[in-house]
Structures are given as structure tokens and as C-alpha cells.
Amino acid sequence: MNGNVLDAYGPLLLMFLAAMGISGAILTVSVLFGRRKPNPFKDSPYECGIRPTGDARQPFSVQYYLVALIFILFDIEAIFLYPWALVYHDLRLFGFVEMLLYIIILLAGYIYLWKKGALDWNR
Amino acid sequence: MEFVAQHPILVVSLIKIVVLLFLLMTALAYVTWFERKVVARIQSRIGPLYVGAHGLLQPLADGVKFLFKEDVTPPAADRFVYVLAPFLALSLGLATIALIPFGPATIMVLGVPTQMGIANVSLGLLFVFAITSMGVYGVALAGWSSNSKYPLMGGLRSSAQMVSYEVSLTLSVVGVVLLAGTLNFNDLIAYQSGHWRYVRFLPHWNVIPQFVGFLCYFISAIAETNRVPFDLPEAETELVAGFHTEYSSFKFAMFFMAEYANMITVSCLATILFFGGWLSPFPERWTWQLYIPGVGLILGGILLAYDTAMNQRGIARIQLAVVTIGALVIGAACLLPSVMPVVQGPFWFLLKLLGFLFFYVWTRGTLPRFRYDQLMDFGWKFLLPVSLANLVITAFVVMVLNR
Amino acid sequence: MTLPIILFFVFAAIAVIGALMMIFFREPIHSALALILVMVALAVLYLLLGAEFIAAVQIIVYAGAVMVLFVFVIMLLNAGEEERTNISKLAHYVGWPLGIFLTVELVYWMLRAPIGARATTATIAPGDPTRDLSMLLFRSYLFPFEITSILILIALIGALVLAKRDS
Amino acid sequence: MPISVETPTGAAETMVLNMGPQHPSTHGVLRVVLELNGEIVVSAKPHIGYLHTGIEKSCESKTYSQAITLTDRLDYLAPLSNNLCYCLAVERILNIEVPKRAQYIRVLLTELTRIASHLVWVGTHAIDLGAMTVFLYGFREREEIMRILEMVSGQRMMTSYFRIGGLALEPPPGWLERVARFLDSFPAHVAEYEDLLTQNRIWLARTKGIGYLSPEDAIALGVSGPTLRGSGVDYDVRKYFPYSSYEEFDFDVPVQKDGDCYARYLCRVAEIKESAKIVRQAIAKIPAEGPIRTVAPGIIPPSREEMKTSIEGLIYHFKIYTEGFSPPRGEVYQAIESPRGELGFFVASDGSANPYRVKVRAPSFVNLQALPELVVGRLIADVVACIGTTDIVLGEVDR
Amino acid sequence: MNEIPISYFLVLSAILFGLGVLAFVFKRNIITVFMAIELMLNAVNLAFVAFDRARGGPHDGWVFVFFVIVVAAAEAAVGLAIAITVVHNRQSLNIERVNLLKF
Amino acid sequence: MEKDSFIRKLREWDAAAVVEVLDFRGETTIVVARENLQRVAEFLVNDPGTRFAFLSDITAVDKFPIEPRFELNYHLLSLERRARLRLKVRLAGDDPVAPSMVPVWPAANWHEREAFDLMGIRFEGHPDLRRILMPDDWEGYPLRKDYPVEGYR
Amino acid sequence: MPIILNNLWIIPLLPLLGAAINGIFGKQWSQTRVNVVGISSVSLTFLGVIELTREFLALHSQVAWVRSYAPWMIAGPFRADFNFQIDQLTLVMLGVVSGVGLLIHIYSTGYMAHEGGYYRFFSYLNLFMFFMLTLVMAGNLVLMFVGWEGVGLCSYLLIGFYFLRKSASDAGKKAFIVTRIGDVGFTIGTLLVFWTFKSVDFTEIFKQASGMPVESPTYIGGTLTVICLLLFAGAIGKSAQLPLYVWLPDAMEGPTPVSALIHAATMVTAGVYMVARMHVLYSHAPLAMLVVAIVGAATLFYSATIGLVQTDIKKVLAYSTVSQLGYMFLGCGVGAYAAGVFHLMTHAFFKGLLFLAAGSVIHAMGGEQDMRNMGGLRKKIPITFWTMFAATLAIAGVPLFSGFFSKEAILDAAKDGPYANIYLWTLGILGALLTSFYMFRLLFLTFFGEQRYDEHKVHVHESPKNMTIPLILLAILAVSGGWFAAPTMLGGPNHFENFLRPVFEAGAPAASAALAENAGAGETGGNALVKSLLAPGVIVALIGFLTAWWFYIRRPDLPKKLAASMHGLYTLLLNKYYVDEIYLAVIVRPLLWVSTNVLWHTVDEKVIDGAVNGVASSARGIGGEVRQIQSGNPRSYATWVVIGAVGVTVLVLGVWGMVR
């Protein structure tokens, strides 16, 4: 597609500005209209009616990190798949084999993860 | 302004944006109404009833209520991030719609022919994914900034969940791209026009060859939008309200609006990718289908009128009369020869969209919720391999058929 | 001043300010947010350079995945405000002057780069650039492409071994 | 209110989370202090007492009849069971027999209560696990039972309909037909819940194998009711120590072997059906006419007609409602099978007009003890399922 | 008329790279140090895309950006895993307190 | 009668264990001395002829001002024998201490805590003897007869 | 439709898949499953090769069939593709590699059955097959180099298969490092090829080279000569020629099937294959050919002498391999490429067989490798004996056995060929004599005479079927593998040479003319038969046999006496001419000394440390900073990185700026 970037993406940018504008407006309006009568009980973090002690931001299970990690790597794989799918009609068997190889290698990693229990939530 | 003259399209899109955002915000409000009504029906209840006829003004009342609610910001929270999170969530949720084309027809705005849809981008699909991939931040930051245990857990949970299902989401769509060889929404829809060669009554929609892909996509989409049975982040019975426990007033509502906006986006995407977007399911030679929108609206109007006359009293009657007249007028307008072709695309698109939204609500009415580990297992150990396999098989079949 | 140039300056400014914020914020999560800002701004600049696909990938992978990992780790480790230590005298006295010097030097040379005299018209490259890129990637750069899978595999295994060891 | 938060038991990775008292899935004001490692429960400690109203103490200052209204407030999902148990206990001390008609009506109504209670349980348990619709369906049927109770007693929930020596009032004509009508439509509705849950994959995944309780542990912990029977122990007070003519009814006691949440779910659903069976038999058994109260001058109030027509009646009426009656010295322990398990009333009399000591053996209270047993080592989401499956009512736990 | 000189992008790239270097030296939190590295990689990517645009031919520059992104992702994954391990062992995120590199 | 057989068995095992046998409205109560409680309980649980494995309830009764002031009633159930039995222990007002039955019946845990909470009876050997229904900082034992219902004056 | 021809990638891919599958999953799998994967991948390859041969021959093509699958490396003008090439030479090699490889795979299932890391072994073997096939099918030098290095890697892995044994892992390392020395030459040679021809594709190289003039046989500086010599350096390393042969005997530490497959039948012949493949270049560089021939002849004689006295059964075979490889090079060096390749093929059969049989013997003896502790095994393990006997006859050059034809062809070429050289021929004949002797010595020591082992400790038993069947098949091949050339004895054509003619005629005008002339000049009828049967090779083989018989059957006490009387020579031979020791003394020690004394003690301690200490002591203020270098503080390191970056950019950009 030949064309000016602005013609294609300018509207998108504008939409972003508009969406952010609306969100900002909503935030402002709710600040303007909402009453504010803070008191210590209202302000305290929710913990089922018990006064919380200590910092809520406690170190968390490393499992979450693993999920994000696996996600990154598979995300990249998925991203590579898109240009591939785009020109797949021209690549044919060659494209199939190369992507199969690619997928197989990553699949090996996937199987490794699985076997290692990185995908199990309750180890 | 010099560059306005250079880029007339910007002015045109500004107008479209205003219109679309208005419609979208209304739609968001009424999707909640729709959901409440449908779920109520499923659960043999009535649903919103008192504010306006059939509770039609309920969303408005809700909005006003949210507006006047006290906006509590916990002092322990990281204020900047705390405010940023709903802001991010909502603006990303709203902005994605810009990439969705609602109809094929070019309409004239300020004398410039332009599409029904804001941005027509050659890599539309990728940009949708790009924007949704940022959606994680809204959730994660909300959970983190609240500085409270339940939100933190909810935030971590839901961001991990969204991230997990994003993989299968992206993978499940590759099959469609393989078939069509394009990432542009218009081209994707164009690819699906017509009917199958041998089964001529079946429209040439991707859902048929890519049924597995569609299932993967839709399941992932449900998870991605944190809806039942994947609504773990907000699993109220465990984590109270998940990442938005500490949010109140309109900030709370913003998360909900974002959720509904995302629902609409992924449903639009499903419509475009698998159900032929704005295409009608009928063959082109059946010209009578052009009357469906108009006639449908008029029939709906008549039904409403009947309901109004039989069941409603007082002010509700007036409200419904207005709606009825609106439906009749628009329906009649849709039958005008000049308008008729224009409304076809949006009509079918919205109809399919509504179908998906109904499906969303339906699952919510029927299914229990997964447990978190089951959810992650499902995503990583089932959906991911299945969508990969679907991809490989599709690639193989495409290769063989291409020879 | 035409619109593209204005856009360039706006987003360049956002990128630079974001980078500065990344340096000067002391809460890691704020730094991360600033960096996300830089990345998004860069994506827009890529668009101005006509590299749509790269812009999309930039957002999906960098802003949508890598930074998510950063945010997760910050949440995971409960990274609080940065400690102000100055154990390394070297970094304290030599590091940043040299860094600034390096910046200035690079800017100087970039200004003198012979290629810089050309201009982009903020158009999408002719033809179908994404297809060209794909063909390039899967034909000419097939080998590196396949190697990336191995790289990813190794990273996966390495990170898993590292992260899982303590649990 | 105790505000202390337990300190973690050591490992730095754990996090202490209060579940409750203000939490959607603790069925009231239960507080469970969870120590979590990631999402896995390392330890769970139930804290109760947020709803302690001192009912046992209050009973000591009421007359025997007055205390009935207090018992309604114990297990507010099955008030008639509480009424029945208390009345049976006092009747034991008094050593009087209730007329058969009243006994059958008691059976019918307590079984209806059981159905209602289980319906609420299925609904809340399902909503705990995210299935919202079942909840509303359950309440639809419960509503009909409530209406029947209202028709009979004039009250929807706190009926206090059973009185010492019989019933409070003669039920209105046509009520049995209404019950029968309800029963006719009922099986189809139960099938609806089962459609939504019993074979649902997600439901199975959420309940099967979760919250396992072995029969030995169950007995040792004193667990009773469907929770016990879900572990394969066939103990039902109605069969072991029949009361109120239960021995004349033909019903099965559903038992499941697996001891997990799903087994308990199956038990309760089967119990609903069994109760419906009993109700149907009761309809057939209840004579159209006959006394609803024992004749025991000075203890049981005379009928309205007698009070209006005879002087003795008037005197007894006056005496009973002003100063009550004085049963002989002694203490009894009366147990019945409430929807939640063995409900027991220990009533001690010192010969005065007020009960000397009333102690309620609340099944929820005892069953709740088993909670840590069920949840430790499992995920936080399972805590919800387990709390739901023990079917506690905080009014009864805290008394 | 709509032209932006490529050198603008190159200068921006240089500035961002310099800021990355500064952050790399300046920051003490191990996570932000990694972020500084990401910033530098981003700056380089910008230069790649700019050069690619200037060349106009086949988009080799884009391909490089692609690979840089992959490498950056892998780097982040492993680097942060190391960070987690270090923090678990040392109880500190401050790289100045981590002197494992000593011999 | 079967209930008699329990008593007989108990007597055969240790004649001194049974202090008194009460019978009211068909309910058998065996009064045992505090010192013997644990032994008797273990016997009743383990003896194949009795098998009172299920502890239904523990009730504390305050007989103020009669001494011994407190009575503890253990309501036992034998699933095999389909029988109930009540064990009664009398405790003096100035020494309301009983051995904890948690080792014999884990179910006794909360019952004993409740008796402690509301009646002020202490149980020796209880793993976690805290108030259960009343707040931790509550003063007094509400179910005692001398508890000022309208508050301390 | 030629399926395989159009999809050449299938052939190397199959073993690669096998390797990957076994490598990934094999650990959990039973041996049977590993077998199925390993064997089926190789047998499919073999079938593929057969089909390929059929398809290629159906083409009646006189030129190579080249298919390019992907661009691979493109850097400026440099371009190397994934392209595969099929011609007659490739076919022969493919047949050998896949056929012998398949048999050895089958054999291994028996031989390795009780070893740990079974799946690992098969994964490596399959990987080796992949690389070897890549090497053979490669259409350009760079891809060939990939295969070349890949087989080296697999060789390293497999020699060090028992990696817990220090000698094994040392041997692996030695093999790797020694061959690497040769590979340096190969690499530079490749670069030179590219420099000269602007391409690395064989077709292109040969096209250009065949048009170039033949270089002077005396001037060493000719481009082609240099290229050929450098490439030959690689061949020396890979094919274990003088002076880089030292790794091969040590490589016997690996499992016997490995020795058979890699260190006898296939990998070590890669050098020969390479020389044959590049014959166009060699034909234009007579000097290089001469070097090849000399090295070959020297090696064949040299290592045969060592083989005379070795007592380890596998060591004898190892030196014999080195020697036979020398024959092949001799053949190539005297222009008889076809003969060299012919010998390569027959050698693959009989040497593979010898190793496998030796493995069978070792298996039977429960791990014993010393021949002095064997004897009289003939009756106990008859199949092994008979197959080994056939192989011995073949290697000794007994008429009608395969080795006879190939060796005779080489010797003929050395005597009468266009590049004939009588001295080299003499060495070849002497080598044949020695070969015959040490091979029969091996046979007699092992299978004849009295038992020299303890019957109670060693339970001698015939190997299982999956080991003996490959033996028998190989024995058939070892006997009959040379009959392609049988008609020459009757004065007819040599079918093998005719088969390969398209390849070797293609680009070598000068040489091929001579060849063709020579081929036409065959004598006819019975005359030729008599002549070939009475050829010197046959006679020396007979002499060798008789001597061995005399020494080891008739008068078993003689060898010891002889050894005593010729003590000096004996120990010299026994210690393999002290080559390892010489290398140690001449190369390794000096290197160690230099690195210890010069680099460590002088440069490091005195210069660097001195400088640091000096700075530290002279300027305390800066000294603190300098110590920071070693602070372990990552921030400081980061700063150093920046300092370095500034330095480099200032240098590079500054200099560049000035130049501009």
C-alpha cells in the first residue's frame, strides 16, 4: 500500500488522543463531582475488615515471573509467525519446512518447560 | 491551518472519531444493560426495570451514581500509578476500536469519501494486538499501586492470565492470516466474500476451515477480557474484587468500561477474522436481503409499539414511544434506495457483534469459574498446543492445496 | 513546519523526556513506566520512518512483553526506592561526565553522517514493505532466523534454571 | 474486636491474608487467617465469634416457651429444625407425647426446611465457584417453600411454629395441596441444577478431589450431616435415633465414599430428593382432622375455644403465658438431624420455670473445625470451595 | 515539503543512546540498569530504521531491528532471572552491594 | 439393656472408675472423677464393646452456688452400637481444671475452648486454649451464674 | 517423477531428525524405541540413496545435479547457499556412508546394548550420519566445511563417549585439536578459493579452473598449488596422514562401532573424498599431486611398520587404516582418482568389517583387547572368524577379493599411470607386504594357536544376531565389492572407473586424456589374467601370509626371539617411532614453557603487576581508583565499559573523520 503514513495512522493517533481525552475528562469530572470525606477507616486498605499491618507489597511467588518469561519467548515466536504467514503463499514447502523447524525447536523448549514443571501452578 | 489543508483526512477522521466515540460510550453503557437483561432472563429474573421503561435508563442512572460517589484514594497507594492504571485501561480499550472497519461502503463526510471505520491500516491486525498487549499494564499497575493484598494478588493473577492467553490468542489467528495472506482487515474480509465452491449455501467464512482456530481464539478472547469462566482476577468469592478492590467511583467504572470495550473489540475481531465482517451470509444474487435491515427494524418497532400499548404506563410509555418512533424512522430510512446499500455492512457487522456479546453473557449465565491453576494449565497446556497444531496443520493444508 | 516535523519533534521530545524520567525517577516502577513511554514514542517515530511492521513489533514485544516482564519483576521483588549509595567512586566521578561526552560525540558524528542529508517523506515505503521484509527474513536471513529460535530456547532454559533454583 | 494478625510461621515467602470477616465467600462473618505461599495455603485458622449473641445465656432468663423464638435465630436457614429439637428436648423433660398429626406436620415442615436450606447451600456454593445462575434458581424454589411456611405459620423465616407439646396453630385449609403442587414441579427443577452442575467439567474440576476428609478424620473431628456422609459414614440421626415418628417413613440416607467436595455436593443433592420423598409420604399420612397439641394441663396451653369457654382453661392460659411451667429436675440431650448435621439441645432443668442451662450442639460449629484439615496445602480458590462445602451458618456457629 | 531529514532521527538515536549510557552508569538498582540496556538497544534500533529508510532498498535494517528485539527479549529474560537470583541471595537490589564479579 | 452393659463393662474394667450412675428419661449418665476421666475416655473409645468414637458435645454447667460447682458433660456417641452415653465430671469452683480430651477426641478442641471461653474452665494439655467466641480481651466468663449480666458495676 | 532428486534435503534431514528425536526423548525411552528411531532413520536414508541412485542414473546425466535450497550466507560478494550436488562420485560416497552406516547401526544395537547413554550414542551416530551426508552432498566448499567440522564434532563426541574415562576424553580432545590444525589450512584454502574464483560453488570453481593453465610442477607459489596444498592440509588432519595421524590410534578409545564407522569407513575418508572432489584443481597443480602421493606413500609404509608390532587388536586395525588411507592418497596423487575412490569403497567394506569383527571378538572376550591374551578363538566364534578371515583376505589383496582389485588399480597407476613414480610404487608394494603380514598376524594370534586366556574368567560366546548379520553382509561386500573391476583382469573395461568417468573427466583435460589413453591400452584375454594374478601385489601378499604363518603358527617362539635380536627397531616400532613424545618435546613443552615463563612470570607478573604496583605506590590517590577496577562493583565495571566505548569511538570516528 502506497500512501502517506499520516493518512493511515494519523486517524489512529487522533483516536488515541480522543480516548485519552475522554479518560482524562472522566477522571477530572469524577474528581469534581464526587464528595470527599475521608476518614482513617475509609482510607485503610481493604482486608476484610481487619486492620492491615505491614506493607502489602510483599515478595511474591516466582511463578508469576516464569509466566511472563515464557510469555515473552512465545510472543516473539508468534510475532515471527505473522510475516511468515503473510508470505507463506510464496514460500510454499520451503516456508513450511523452515517454520516447522522453528516451531520444533521452540517446542523442545516448551516440552522442557513442561517437564520441569514451570507450567504447573501448584508445584 | 496549513496542514489541515494538506491532510483533509484528519478533519474527516476527527468527525468520525467524535461520532464513533459517542456511539461507543453509549454502546458501552447499553452493553451493561444488555448483559443484565440477558443474564436476568437466563436466571429467570427480570433485570433492570424501574429506571425508564425496561430499565432503559438504568445505565444513565448508574453513570450518575458513579459520578457522585466518593472517590477514595487510599493514602498508602502510589497516587500517580493509581490514577494512571484506569486511565491506561480505558484509553487503550477505547482506542482499539479505531482500527475496526464497520462497513465496506464509503460514505461522504465533508465531501470526502471515507470508510466506515477510523483508521485503515495495512497491518490492522498487528496493531490491534499491539494495543491490547499494552492492556496488561492497566491491570498490573492497578493491583500494584493499591498497596493492598487482595488487589496485588488480583493484579498479578490477572496480568499473568492475560499474558498467558495472549499467546494463544495471537497464535490462533495466524491460521486466518495464512489463508488470506494479509493483515489488513478490509482484505481479510474481502477474502471471505463469496461462497464455497461445493457447498454453495455456506458463506466463504474463515470459521469453517478455521473452526479450531476460532474456538481457540474465542476462548482466549474470553480469558483475555477476564470474563466468566476465566474471571479469576475479579473472582469476587476469592479475591473480593481483584485488582480494582481499592477503586471507587468513576475510576472503578473506568475499569468496567475498559472491560466492556475490550469485549467489544475482541468480538469485532472475531467477526472480522472468522465471520466475514460486514458480509451478509446470503449470496449476492438474493437481492431481497437488502431489505432485511429496514424491515427488521420496522418489525422491531412494531413489536415495541405493541409492548408499549399493552404493558407500559405513564412516563415509560412516552419513553418507549420515542424509541419506537426512532426505530420506525430509521427502519424506513433504511429502505430508501440511497441509504439501503450503505446500511447493509454495518447492519450485518453489528448483528454478528451482538451475537458474540450474547455468547459472552450466555457463558456468564451458565458456567462456574475455573480455579487459577486450572486456568493456567488450560491456557498453557491445552490451548497453546492446540493452536500451534492448528497452525501447523493449516500451513500444511495450504501448502498442499497451493501446489 | 509541516505536520510530520511537528510530530517528529513532539515524539522525539517525549522519548527524550521519558528517558530522562527513567534516569531521575527513583521508584523502579516509575522508571519502567517512563521507559514504556519512550518505547511507544519510538514506535510512532518508526511509523514516521514508514516502518509500520517494526512499529507494531516494537509495541508488541518491547512495550507489551519485555516491559511486562520488568514490571512483574519489580512487583515480584518488591523493588522499592533506589538506594543512594556511592560505593563506586569511579562511576560517581568519571561515569556520567564521560557518558555526556559520549552523547555529545555521537550527536556530533551523527550530524556529520553522510547519509543524514537525505530525508524521509513520512510515506510508507513503496511496494509492500512488510512483504519485502518477510521475504528477506525468510529467504536471505533464514539462517539467523532459525538461529533465533535456538537463542530463544537457550534463553528459556537459562532463565528457567536460574529462576527456579531457589524454589 | 480482636485486631491481631497472626505472624507468619517462619518462611519469608509466605504472606498472611485475612479472609473475612468482610468477605463475599465466607458466608457471614467468618474470618479465616490464611498463610499463603504464592497461592498455596500453608495454614488456615478460622476465627469465629463475630456473630456471638449469647443465645444460651438469654435462654436462662426466659421461660421454656419463650426460648423457642431464640432458637429460630441459630440456624436461620433452617429455623424449624431448631424449633423442633428444642421442643423435643423440653418434651423429653416433661415426658409428654405429641399427637401423631402434629408429629407428621413437624416432619413435613422440617423436611421442607431441609430442602430450602440445601437449596440455599447449592446456590451459594455454586456462586462461590462462579456459577451464578444456580443461585438464583435455588432461591426461586426456596421462595415457594418460604411462602408455604408463611401460609402455615404467618412467618417466612423466624416461624417459631413448633411449640412445646405440638404446634402453634392449626394450619390453614388447602395448604397440603400447595405443598403437593410444589412437589410436583420440584423434580424438574432439581434436574435443572444437576444439568448445570453435576456433569459440568469445570464444576467437576473445581470440586472433585478437593477438600478430602477421610472417614476416620471425620468421625474424630465430630463432623456430622452430609459432610460426614460425604466421607462414607452412614450416620443419620433420623435413622439411628428416630424422633417425631421418622421411623414410620421410608427414605434412604445418601452416602458417598469419596470424601471430597463433589461427594458432599452429591449427598446434598440426593438428600433434597429424599426429603421430597418424605414430604410426599407425610402428605399422605397427615390426618385431615385431629389435635395438634397434647393435652397436659398447666403445661400446654389449652385451645382457644377451651380458653374462652372454661375457667380452668382461662386460668391455665393465663398462668402459662405469665409465669410458664415448671418441669421436673433433670437434664436431657436431644439430637435431631438438621440440614447441617447432628443438632443437639442439652437442656437442664432445676425445677423452676426457666431452663437452668441450654446448650446447643451446633453442627456448623463442629464441622467448621475440620476446615483447616480440608484446605491446607491447597490453593486459595479451594478454600472458598471448602468453606462452601462445609455448609456453615454463622448464626449457629457463634450463637 | 513533508520531509524530515534522516539526521534528525540519527541525532535522536544518539541522544537516547547517550541517555541509556548515563542511566547505565547512574542507576544503582539492578532492574533499572537492565532498563538502561534496553534503552540503548532501542536507540540503536532507531538508528537502524533510520539508516534503512535512507538506503531505501531492501529492508535489511528492519531485519536487524527484528533480531535486536529478539536478542533484547532473551537478554531481559535471562538478565532478570539473574537479578532475581542475586536478590534472593543478597537481599539487595543495589548493584553496588553485589560484588560477585570480584575475581 | 445395652446401656447397662456399658456400665457393666466399665465396672469390670475398673470398679472405682464409676462414681455414680444417673438415669433420666432413658439417658444414662456416668459420673467419673476428674483424675479418671482420661482413662475412662480412652477405654470407652477403644474397647470393642463400647467404641464411643464420636464426641457429640461438651457442655459445661454452672451449679453456683452448689459445690462442686461445675459439671462437664461429655455427650458420646457410638456409631457401631447406636448408643449415646453421657460422661459427667464435677469440678470444684476454686479449681475449675479438667484434663483436655483433645488427644482422645480431636473434636473436643473447640468445645473445650468454648467451655473455657464462656465458663472459665481450664483444660490441661489443650493445644490452643484461647477464647473462641468472645473477644480476646473480654473480662469474665459470661455463662457463669454469677456473671453480672448487666455489666460490672 | 524423481522424488528424491527434487528433494535432496530429505537425505540428510532423516538422520538429523533421528538424532534430534533420540536426543530429546531418548532418555526416557526404552532401547527398543531408540533403536526404531535410530535404525529407521538410517534405513530410510539408505532407501532414499538407492532411489536417488536410480533416479540419477535414469537421467543419464554427464553433469552434476545441483539443487539450491536457500541462500545461507551472503556478505557482499560472498555467497554460499544451502545447495546439494549429486554426481556419480557423490553417489558412491552416499552408498558407502548410508550402507555401511546402516549395517553399523544395526551392529551397534547389539554391541552397545549394555552400555549407559544408549540413546546418546544413537543420537550422536545419527548426527554423524547427518553431517557426513552433508559433507558428501555439499554443493559448495563452505557447506562441505560445515559437514567437515560436524563430523569432527561427532567424532569428538563419540571418541569421548565414555567421558568418565580420562583417556577417552583426552583422546577425544586430541582428535579434535589435531584435526583442527589441518582445518586451519582448509579454511585458508577455502578463502583462497573464494579469492581466486569469486565463488565457493563446485560447479563454478571447476568451470573456471578447467579453463586455467596447468601450473608448473616445480614452482610452489602457483595459486592452484597453494590452494590444493592448503586444502590437503585439511585432508591430512581429517584422514590421519603424516604428520597429523597421531589422533587416529588414540581414537580407538571410542566404542568399536564408532571406530568402524567413523575412523575406518567414512569420516577419515573425507579427506580422500575432498581431494577426489577437487581433482580439477589438483589436476592443474602437479606439484600438489606429487605432495599428495608422497604423503600417501610415506604414510602407508610408515604406519604399516608400526602395525607390525602392535598387540592391541584395535590399534593394529587403526594403523592399518592409516596405512590404507595412505593408499588412497597415493592413488589420488598419481592421478588415479577413480582407483583411490574405489579403494575407499572397498576399504569401507573390509575395514568396517574388520573393526566390527574385532568388536565382536572383544565382545566375546568380555572387553579384552590384547591379542596376546587371545588365541584359538576360531572354533568358539566361527561366524566372527570366517567373516574376519574374508576381510583379511580382502585387505591383504588376495585375488578375487575386493581389496585386490582396488589396491592393484592404485599400484598399477603408480607404476604405469600418467603420474607414475617408481619409488612410490615401491613403497606401495612394501606396504602391501607389511599389510599382508600384520593382518595375518592378527588373524593367527587371535583365532589360531592355543588359548592364552583363562577359560574360567572369560566366557567366550558368539555375538547375538544383530551383530553377526551385519558381519555377514559386510563380508559378502568385502568379498564381492571389487567385482566391478573384475573384467579388467580379462582385459575388459573397469566398470567402476567407467561409472566415475563423467566426474573425473569433466574438468581435467590434460589428465583425462592420459587416462583415457591408458584405459584403452589394456591387454586382452588370458594374458591380462595371468599378468594380474602374478602381479607383484599378489606375490607380496603371499609372502606376507607365509611369513606370518611361519612366525605365528609354525614357530610361535620366533617373534620373541626376533624382537630380542632386533631390540632397537622393535622398541622403536612399539613406541610408534616416539612421535607423540617428539610432538610433546618439540611443540607442547616449548609452548608451555613460553606461556609459563614469558607470558605469566615475565609479562604478567613483572610488567603488568609491576606497572600496577608502581602506579599504586607512586600515587595513592589514583591508586584507590585503580584498585576499584577489581572492586567487583558492577557500576565501576559499567563505567569502564563506557570509558572503553568512548575510547573506541574517539579513535574510530576520529580517525575516520580525519581520513575523510
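My entries follow, beginning with the ground rules.

**Ground rules.** This is a predicted model, where local features need pLDDT of at least 70 and side-chain atom pairs count only at pLDDT 80 or more, while totals for chains, interfaces and linings use all residues. Residues are numbered from 1 along each chain as its sequence is written, chains are lettered from A and ligands numbered from 1 in the order in which they are written, and side-chain values use heavy atoms, with hydrogens and water left out.

**Chain F, the sheet.** I looked up the strand order and got β1-β2-β5-β4-β3 in chain F, an open sheet of five strands with mixed pairing. Strands here are DSSP runs of E with at least two residues, helices are runs of H or I with at least four, and both are numbered from the N terminus. Two strands pair if DSSP finds at least two bridges between them. β1 (18-24) and β3 (54-62) of chain F each have a single partner strand, so one side of each is left without a neighbour in the sheet. Contact means heavy atoms within 4.5 Å; axes are lines fitted to C-alpha atoms, for helices over the stretch in contact, and angles run from 0 to 180 degrees between N-to-C directions.

**Chain F, the pairs.** β3(F) runs antiparallel to β4 (residues 70-78) of chain F over eight bridges, with F:Ala60 opposite F:Leu72. β1(F) and β2(F) are antiparallel too, over six bridges, and there I found F:Leu22 partnered with F:Thr29. Those two strands form a hairpin with two residues between them, and F:Arg25 in the turn has a positive phi of about 50 degrees.

**Chain D.** Next I looked at the open antiparallel sheet β6-β7-β8 of chain D, which has three strands. Its twist averages 15 degrees from one strand to the next. Nine bridges join β6(D) to β7 (residues 341-349) of chain D, and D:Ile336 has D:Leu343 as its bridge partner. Helix α3 (residues 79-94) of chain D lies across β6 and β7 of chain D, at about 150 degrees to β6(D).

What does D:Glu91 meet in a salt bridge? I found the side chain of D:Arg106, at 2.8 Å, N to O. D:Glu91 lies in helix α3 and D:Arg106 in helix α4 (residues 100-128) of chain D, so the pair ties together parts that are 15 residues apart in sequence. A salt bridge is a side-chain nitrogen of Lys or Arg within 4 Å of a carboxyl oxygen of Asp or Glu. The whole structure has 57 of them over all chains.

**Chain C against chain E.** Here 88 residues of chain C are in contact with 74 of chain E. The two chains bury about 7500 Å² between them, 78% of it on carbon and sulfur atoms; that is accessible area (1.4 Å probe) lost on being put together, summed over both. C:Leu49, C:Tyr62 and C:Phe70 lose the most area on the chain C side, together 9% of what that side buries. I counted zero salt bridges between these chains.
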